[in-house]
Amino acid sequence: MQLSRDALLRAYRQMKVIREFEERLHVDIQTGEIAGFTHLYCGQEAVAVGVCEHLSVEDKIVSTHRGHGHCLAKGCDVNGMMKEIWGSREGLCKGKGGSMHIADVDKGMLGANGIVGAGSPIAVGAGIACKIDGKGHVAITFSGDGACNQGTTFEAMNMAVVTKAATIFVFENNHYSEHTGFEYAVGTQKDIASRAEAFGMKVWRGDGTDFFSVFETMREVLEYVRVPGNGPAAVEFDTERFFGHFEGDPQRYRGPGELDRIREFRDCLKNFRKSVTDAGLLEHADLDALDAEVLEAIEESVRQAKAADRPTAEDVLTDVYISY
Amino acid sequence: MAKMMYRDAVVSTIAEEMERDENVVCLGEDIVGGMGTPGGPEAIGGIWSTSTGLFGKFGADRVIDTPISESAIMGAAAGLALSGKRPIAELMFADFIGVSLDQIWNQLAKFRYMFGGKTKCPAVIRMAYGAGYNAAAQHSQAVHQILTGMPGLKVVMPTTPADVKGLLRTAIRDDDPVIFLEHKALYGVTGEVPDDKDFMIPFGHARLSRAGQDVTIVSTGLLLGFCEAVADKLVAEGIGCDVIDLRTTSPLDEEAILDSVEVTGRLIVVDEAPPRCSLGADICAMVAEKAFASLKAPPLSVNPPHTPVPFARELESAYLPSVDKIEAAVRKVLSYR
Ligand SMILES: Cc1ncc(C[n+]2csc(CCOP(=O)(O)OP(=O)(O)O)c2C)c(N)n1
Ligand SMILES: [Mg+2]
């Protein structure tokens, strides 16, 4: 189905926001001003956006340690996120969570997660809630090629099948879990979706560096899971991560020229621009204008994050039900 | 003696023990680093550099890089231990113990007793713990609080590179499951380490790191250095502190603590885990029971608050016991006459 001009512009803008958010963090982290562990989502934008462009606030997502892209795509506030990562008390989680724990439950974003594999069971619960409510909403769990090896993921898949939860397992295969290749760690012949199939789910596969592939695949997946009684489904997207596992990773496990190659040929933003301009759907100038606007929005979020209030010692003791 | 970093004391001890005993095997996530990648095995090594070079020396059968499957890693350690091997399993962050707790708590820890003493279970579970990196609630916790209370586990918390060497060797040669907690903020600390390849430190023997007669301060890990700084500062005021490094929380060297408190009459325990049911509370209660007559002031435990570990720099430093908080506690127990 043909996307409207507005929908195309919106999808591109969403991917670009994630890209520039991450590129800027990559730069700012070098200065030492940002604390903690940060895992950047650059390279995988087409997955988050191709999935979340189909969702409403009533649909839920559960994310991972590499969560910025999912959060932004699901509608978390850019400024609130930047402030959180900078550790401000004005951040989305008051500076208590940081990069790995961004959440905005009101937006249907049930949390990034520092524990690999912890998200899928949570998405089963959210998917059961969707089933009970019967309004055709869904819960989506994002997992990597590393997380797919956790027992929690296996348990969640089987439980989603037997409870007919309205849960979608989105596997983002970026070929690496930390410093380990998926060819070593994933036993099912380089394939994750076949595991979900074996648990009794209908599965799809798509190109996670191509927005249109993700978007069209997800249209089918969602049409299926939104039908009450159909139960869960799974989809595997082949994708790329452009930066290290975490900021500071020397990435010696990559092959010669690998990063240049994936930036050249597997960049979802470049691919999007080429397809829409080749097809005459958008002009370069349209996209250039968005690029400039997004850069300014990210710049503004950093200005705000730097100026925002810092937390104090008293803030440690709030939001805990019992104090001693 | 050789100068060595805390992390290098870990690797070199493992290597020496693997050399000495072919039944010693290692397993854990990314302990080889680079498996199945263009860069190949050992392209990068584990994130703490606590297994560097082991794969090259001992090969894939004995240095097992695992998928992200903590429950299976700990269970495999249990199975290896019941099958004549001496596994050293690594949990990248102590916080991930949640994923694997059954295999440690209900399996490894209980075999010897449940099976009527008929079996040995020589497994070492190493893990990086503690705050100081702004790694937030799921990557910063001190987990000795939950593990120390579990019958069937020995719990080791080394503070210096020499103690890493002596205690890790004891752990590997021990016939029972040992939890070996490495503070991630200490990995880069350097110290003198004995060369002797049989250098061992027995469990349950605390180390006196400062001697004084007025206050007993008990701690271990990162916070021990804070306690030493307070003790050193107070010398100028004529206040003397015994600073006791526990080294192991189970077994606990009660004697060292009681002997000291009998002289000082004042006890402070400085503990990195939250206050309720903590190591601090446990030791204060033990001293109240066994040295009540010697006490000149109520025993005090200095802990973080009853909250998860917060992210932001300001929050994490307010969370952790600090030199100032420890000094205030010392002055408080001294204010009782
Ligand atoms: C339970 C648990 N084990 C290990 C880790 C350490 N860790 C964080 S991310 C990661 C790799 C995850 O790989 P994958 O699922 O492919 O996600 P990606 O990083 O590629 O996005 C590992 C091992 C963790 N955070 N939680
Ligand atoms: Mg991955």
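Domain bounds, as the term is used here, come from an automatic or database domain assignment. For chain B of this predicted model, that assignment gives domain 1, which covers residues 2–193, and domain 2, which covers residues 207–334. The centres of the two domains of chain B, taken over C-alpha atoms, are separated by 27 Å, and the domains touch each other through 28 residues of domain 1 and 26 residues of domain 2.

One open sheet of chain B is built from five strands in the order E9-E11-E10-E13-E14, and the pairing of these strands is mixed. Strands E9 (207–210) and E14 (300–302) of chain B stand at the edges, where each has a single partner strand, so that one side of each is left without a neighbour in the sheet. Helix H10 of chain B, formed by residues 279–290, lies across E10, E13 and E14 of chain B, and its direction makes an angle of about 160 degrees with E13(B).

In chain A, an open sheet is likewise formed by five strands, here in the order E1-E2-E3-E7-E6 and with parallel pairing. Strand E3 (residues 167–173) and strand E7 (residues 233–238) of chain A run parallel and are joined by six bridges, and Ile168(A) is found opposite Ala233(A) of E7(A). Helix H5 of chain A, which comprises residues 119–133, packs on the sheet and touches E1, strand E2 (139–144) and E3 of chain A, with its direction at about 165 degrees to that of E2(A).

Ligand 1 lies between chains A and B. It is surrounded by 22 residues, of which the closest are His65(A), Arg66(A), Gly114(A), Asn174(A) and Glu70(B). On the side of chain A, a backbone N or O atom of Gly114(A) lies 2.7 Å from a nitrogen atom of the ligand, while a polar backbone atom of Tyr176(A) is 2.9 Å from an oxygen atom of ligand 1. Chain B contributes the side chain of His139(B), in which an N or O atom is 3.5 Å from a nitrogen atom of ligand 1. Taken alone, ligand 1 exposes 580 Å², and the protein buries 97% of that area.

Two details of the backbone in chain B remain to be described. Most residues other than glycine have a negative phi, and most peptide bonds are trans. Glu42(B), although it is not a glycine, has a positive phi of about 65 degrees, and this residue is located in the loop between strand E2 (24–29) and helix H2 (54–58) of chain B. The peptide bond that joins Ser250(B) and Pro251(B) is cis, with an omega of about 0 degrees; Pro251(B) belongs to the loop between strand E12 (248–250) and helix H9 (254–264) of chain B.

Methods:
Residues numbered from 1 in each chain as written. Chains lettered and ligands numbered in written order. Predicted model: local features only at pLDDT ≥ 70, side-chain atom pairs only at ≥ 80, totals over all residues. Heavy atoms only, no water. Pairing = 2+ DSSP bridges. Helix = DSSP H or I, 4+ residues; strand = E, 2+ residues; numbered from the N terminus. Contact = heavy atoms within 4.5 Å. Axes fitted to C-alpha atoms, helices over the stretch in contact; angles between N-to-C directions. Near = heavy atom within 4 Å. Polar contact = N/O pair within 3.5 Å; in protein donor to acceptor, adjacent residues only side chain to side chain. Areas by Shrake-Rupley, 256 points an atom, 1.4 Å probe, with all protein chains shown as cover.
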